[in-house]
Structure formats: structure tokens, C-alpha cells
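Please read them beside the sequence and the coordinates.

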Amino acid sequence: MEPYAIIDESSFPIVRIRFTGNKSNDQNFQSYLDQTKACYRFGKRLALIFDASNAGIPSMSHQKMQANWLKENKELMQDYCVGTAYVIPNVAIRAILKMIFSFQKQPVPYQVFENEEEAEAWVKSLELD
């Protein structure tokens, strides 16, 4: 199975999720959602950087899966996620993010950036202690 995203926890409490550009299917998209939820297993505050520089456009059913994931994990995110940075240089992908948030509002502070340096600077300004 080609992964939809690669999750890097090596700089925890900053977690980087990089979309690979591989086409989403039910299996790899569910794996991405499961792995994202697993980042909360420590019960510690964290910040997420989603790098969508290489992201493909997920199907409508996968966009709805993402929205449902946000709804189902709202309390978990509010308890532990201090913020989410999205690196989205592509205008079409930014529109997809807005569509997902129209299904389900993002439950934690977030910002959209055109490059990873800006995203990392913002995340590091958040209170992770």
C-alpha cells in the first residue's frame, strides 16, 4: 500500500504530517487518520504541521472521512493540540481544506502558510508546555 501521508514524531511535541502525493484510497486514507490519532497516545500537548506541498486532492468521500474524524476527535484535539499549521502552496488544496472545514469546523487554532519555515515559526510560538 502506498501511504497517503508520512507522520514524523521525531521532534515531538511538534508532529509533522507530510502528504506523499499518492492517490487516496479507503485503506491508505484510513491508515493516515489512524496514525494521526495515535499521535495523541502520550496524553501530552502537541502541535501539528501538515505539509500539503505534494498533496493530491482527496475524493469527496475521503474529505468527509476527514471531517468526521475532526468531529469524533474534537475533545481530544481541544485537550492536547495547541495548534495546527498547514503548509499549502496550492490554491486548489487550500479550497479543499475550506470545504472540509465547512463540513466540520477545525476545533483548535490553525493557520495556513505557503512554506514550512513560516509554519514552524508559528508552531514554535505556541505554548507547548
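1. Which residues have the most contacts inside the largest nonpolar core? They are Ile17, Phe19, Tyr32 and Leu48, in a core of 29 residues. A nonpolar core here is a set of buried Ala, Val, Leu, Ile, Met, Phe, Trp, Tyr and Cys residues joined through side-chain atoms within 4.5 Å, and buried means under 20% relative accessible area, with exposed over 50% and partly exposed in between (1.4 Å probe, protein chains only).

2. On provenance, this is a predicted model, in which local features need pLDDT of at least 70 and side-chain atom pairs count only at pLDDT 80 or more, while totals for chains, interfaces and linings use all residues. Residues are numbered from 1 along each chain as its sequence is written, and side-chain values use heavy atoms, with hydrogens and water left out.

3. The chain has five helices and five strands, arranged along the sequence as β-β-α-β-α-α-β-α-β-α; these elements are DSSP runs numbered from the N terminus (helices H or I, at least four residues; strands E, at least two).

4. The structure holds 12 aromatic pairs, where rings of Phe, Tyr and Trp (its six-membered ring) pair if their centres lie within 6.5 Å, and planes under 30 degrees apart count as stacked, over 60 as edge-to-face and the rest as tilted. The rings of Tyr4 and Phe29 have centres 5.1 Å apart and planes at 55 degrees, so this pair is tilted. Tyr4 sits in the segment before strand E1 (5–11) and Phe29 in helix H1 (residues 26–38), so that the pair links parts of the chain 25 residues apart. Both Tyr4 and Phe29 are buried.

5. For Phe19 and Tyr32, the ring centres are 5.4 Å apart and the planes stand at 65 degrees, so the pair is edge-to-face. Phe19 belongs to strand E2 (residues 14–19) and Tyr32 to helix H1, 13 residues apart. Phe19 counts as buried at 12% relative accessibility, and Tyr32 is buried at 4%. Leaving aside neighbours within four places in sequence, Tyr32 is in contact (heavy atoms within 4.5 Å) with Tyr4, Ala5, Ile7, Ile17, Phe19, Phe50 and Gln66. Ring pairs also join Tyr4, Phe19, Phe29, Tyr32, Phe50, Tyr86, Phe101 and Tyr110 into a cluster.

6. A search of the whole structure finds zero disulfides, taking a disulfide as a pair of cysteine sulfur atoms within 2.5 Å. The sulfur of Cys39 lies 9.8 Å from the closest cysteine sulfur, that of Cys81, which is too far for a bond. Cys39 is buried, with a relative accessible area of 1%, and Cys81 is buried as well, at 5%.

7. On overall dimensions, the radius of gyration, taken over C-alpha atoms, is compared with a globule rule of 2.2 Å times the number of residues to the power 0.38. For 129 residues a compact globule would have a value near 14 Å, and the 13 Å of this chain agrees. The C-alpha trace spans about 35 × 30 × 30 Å along its principal axes, and buried residues make up 45% of the chain. Among contacts with a separation of 6 or more, 78% are between residues 24 or more positions apart.
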